[in-house]
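Here is a friendly walk through one model, chain by chain and then across the contacts between helices. Keep the viewer open as you read.

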Amino acid sequence: MRREEQPIEVIEPATLMDRVAAKKIEGNRLVAISCAVVEGTNEITYSFEDRDHRFTNLRIVVEPGGTIPSITPVYWGAFVYENEIHDLFGLIVTGINVDFGGHFYATKIPFPFAAPPAAKAPGDSEEK
Amino acid sequence: MGLLTIAKTISRNVFGGPVTRRYPAEPANRYDLTRGHLAFEPENCRVCRVCMLRCPTQAIVVDREARTWECDHFRCITCGNCVDLCPTDALHLEPTYRSPEADRPGKEFHEIPAPPPKPEAGGETAET
Amino acid sequence: MSRQIVIPFGPQHPVLPEPIHLDLVMEDERVVDALPSIGYIHRGLEKLVEKRDYRDFVYIAERICGICSFIHGMTYCHAIEGIMDLPVPPRALYLRTVWSELSRLHSHLLWLGLMADSMGFESLFMQSWRLREHVLDDLESTTGNRVIQGVCKVGGVRHDVSNQKLNEIVAGLEVLRPQLEDLMSVFVRDDTVRHRLSGLGVVTEQQAWDLGGAGPVLRASGIANDIRQIGYAAYDELDFKPVVETAGDCYARTLVRAKELFTSIDLIRQAVEKIPEGPVDMKVTGNPKGEFYARSEQPRGEVIHYVKANGTKNLVRFRVRTPTFTNIAPLVTCLKGIELADVPVVVLSIDPCIGCAER
């Protein structure tokens, strides 16, 4: 079984739009935008893949309730991820092309993932 | 397309018999590995509570002091995690399904008998 | 200037296996725009990872979806094994490959049946699902359940399958092959099917790449991208080619999935020929620490399980990005300009698995 290389590069939020545009020019497609709450800060990782299956990631670190620019001017299909990040984590994303204003995911409590993992958030005792 | 093709199709349909299983008149296929429902033998249990701690849906509740074991079969997803982890083989999965119910039934409740005291050790406790 | 009205599509619709809502902005009978709205079956499974032991969570991870459940479980195990760098026994990797391909067979047959049903061709739907029963019998006899297999665990698989049984599976699939070819010939050559599907919902190659299409949506537009080529599980030792069509319409997507049935049968045969002897699981001790992106090819496209762990038995973050979630953008683009009666066919052609998309 081959284990693939997955380089993760941490960048400043101010350089995000330039780096993402550079990835698009190099021919990468956007694979996913993930968000994780780590020690009270949000780490947002943008994953890209090119035509030879090379997988690279760019990561920015944002405070809770912070603001990030939308990458939809570069990748039109990113609106699904950015609406999800807003609806689940409570971060503000400016300039999304299709902005659902918080109604993309209709959850009973707003921003369910925003609480840090150590505290027990109300209403998340989901059993399947 | 002609009379010959349609004649073949008609005779296959008339004389060929049904191509599907006449369920429920013919019972469904069940194999040895089929995970139907959970079965418990109280005489083998030593109240270690591993099944309760590792159940993904928290369907099993074990009370150590009162020596009782109960399982909510409607919550059980028959994953078999408890069967794999039980140290004394007190649990196993049967291949038949339980019958459907109209109302939510009560849980399956067992009292675990205390083990007989060993003569030389002068009475062995059930605690691990 | 015609007036625009908004027609809601879903969440309940006979053609949808799971609920999704689309607001269709219409002018006369043509769709001008479509706004998706999801969240009907968001169960918050990603948050549950903070409360369950990482070894038990595999049973929850595979219940994200019923149709593609084995590959979810396998990708989760692959993610944990990637963080902890576990040497999974090769026989377990081959068995996982065989079960993934059986899972792909049953999912594509299910989808072909639903596609026929969405066009109104119910007898073809019933024939597809009848052939699917053979694959489900194979899955049940080797794993214990028809759809949610529950056979993958961190470090390997839970049950072994004897070589004799594997040979029986291959022989059974060879008996099934001419029936699948018969079925595929209806999809490929029948006039009503071609008339209904050709030229509908076109996604061009550039659109598919930029908007984030995945799986058959990408491959039907001419891009040869198949995540099995990166070589997870036993795929780096097996030989296959991704199935590619160039038209980009619903007919091309149907052809891609129909031809992938035969690729899967070939992969199962190759895996059973090459499977080594040995144990099928290994003892896992300790807790994971680190992060890993596990990527797999589900029947619907590329799925990513991102796992972040900090050395305790509960994970910090588990994120699943499923192919249907990323196919929403090409869907909304290709819905523009088609007639209302064709909307169900186009929505179904991306293979919506909303249970996966929303976790």
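## Chain A at a glance

In what order do the elements of chain A run from the N terminus on? They follow β-α-β-β-β-β-α-β, with 2 helices and 6 strands in chain A. Helices (H or I, at least four residues) and strands (E, at least two) are DSSP runs, numbered from the N terminus.

Before going on, please note that this is a predicted model, in which local features need pLDDT of at least 70 and side-chain atom pairs count only at pLDDT 80 or more, while totals for chains, interfaces and linings use all residues. Residues are numbered from 1 along each chain as its sequence is written, chains are lettered from A and ligands numbered from 1 in the order in which they are written, and side-chain values use heavy atoms, with hydrogens and water left out.

Chain A has 128 residues, of which 51% count as buried. Here buried means under 20% relative accessible area, exposed means over 50%, and partly exposed is in between (1.4 Å probe, protein chains only). Contact means heavy atoms within 4.5 Å. Among the contacts in chain A with a separation of 6 or more, 50% come from residues 24 or more positions apart.

One loop residue to look up is A:Pro73, placed between strand E5 (67-69) and helix H2 (79-89) of chain A. A:Pro73 counts as exposed because its relative accessibility is 63%.

Chain B has 3 helices and 5 strands, and its pattern along the sequence is α-β-α-β-β-α-β-β. Of its 128 residues, 30% are buried. Residues 24 or more positions apart supply 68% of the chain B contacts with a separation of 6 or more.

Phi of B:Val47 is near 55°, a positive value in a residue other than glycine. B:Arg49 is placed in the loop between E1 and H2 of chain B, and it has a positive phi of about 70° although it is not a glycine. Buried or exposed, what is B:Val47? B:Val47 is buried, at a relative accessible area of 3%, whereas B:Arg49 counts as partly exposed at 28%.

## Helices that pack

Within chain C, helix H4 (residues 90-119) and helix H5 (residues 122-143) have axes that come within 8 Å and cross at roughly 160°. That makes H4(C) roughly antiparallel to H5(C). Axes are lines fitted to C-alpha atoms, for helices over the stretch in contact, and angles run from 0 to 180 degrees between N-to-C directions. Angles under 35 degrees count as roughly parallel, over 145 as roughly antiparallel, 65 to 115 as roughly perpendicular and the rest as oblique. The contact of H4(C) with H5(C) involves 15 nonpolar, 5 polar and 4 charged residues. In that count, Ala, Val, Leu, Ile, Met, Phe, Trp, Tyr, Cys and Pro are nonpolar, Asp, Glu, Lys and Arg are charged, and the others, Gly among them, are polar.

Another pair joins two chains: H2(A) packs with helix H11 (residues 323-334) of chain C at an angle of about 125°, their axes 9 Å apart. H2(A) and H11(C) are therefore oblique to each other. On the H2(A) side the contact is made by A:Phe79, A:Val80, A:Tyr81 and A:Glu84, and on the H11(C) side by C:Phe325, C:Thr326, C:Ile328 and C:Ala329. These divide into 6 nonpolar, 1 polar and 1 charged.

## Cores and a buried loop residue

A nonpolar core is a set of buried Ala, Val, Leu, Ile, Met, Phe, Trp, Tyr and Cys residues joined through side-chain atoms within 4.5 Å. Which residues have the most contacts inside the largest nonpolar core? They are A:Ile44 and C:Tyr76, in a core of 171 residues. H4(C) gives the largest share of this core, 16 residues. Leaving aside residues up to four places away in sequence, C:Tyr76 touches several residues, including C:Tyr54, C:Phe57, C:His305 and C:Phe318. A second, separate core has 14 residues, among them B:Phe40, B:Cys51, B:Ile60 and B:Cys86.

Finally, C:Leu238 lies in the loop between helix H9 (216-219) and helix H10 (250-274) of chain C, and C:Leu238 is buried at 8% relative accessible area. C:Leu238 and C:Thr97 are 141 residues apart in sequence, yet 9.9 Å apart in space, C-alpha to C-alpha. Residues that C:Leu238 touches include C:Tyr94, C:Thr97 and C:Leu267, not counting residues up to four places away in sequence.
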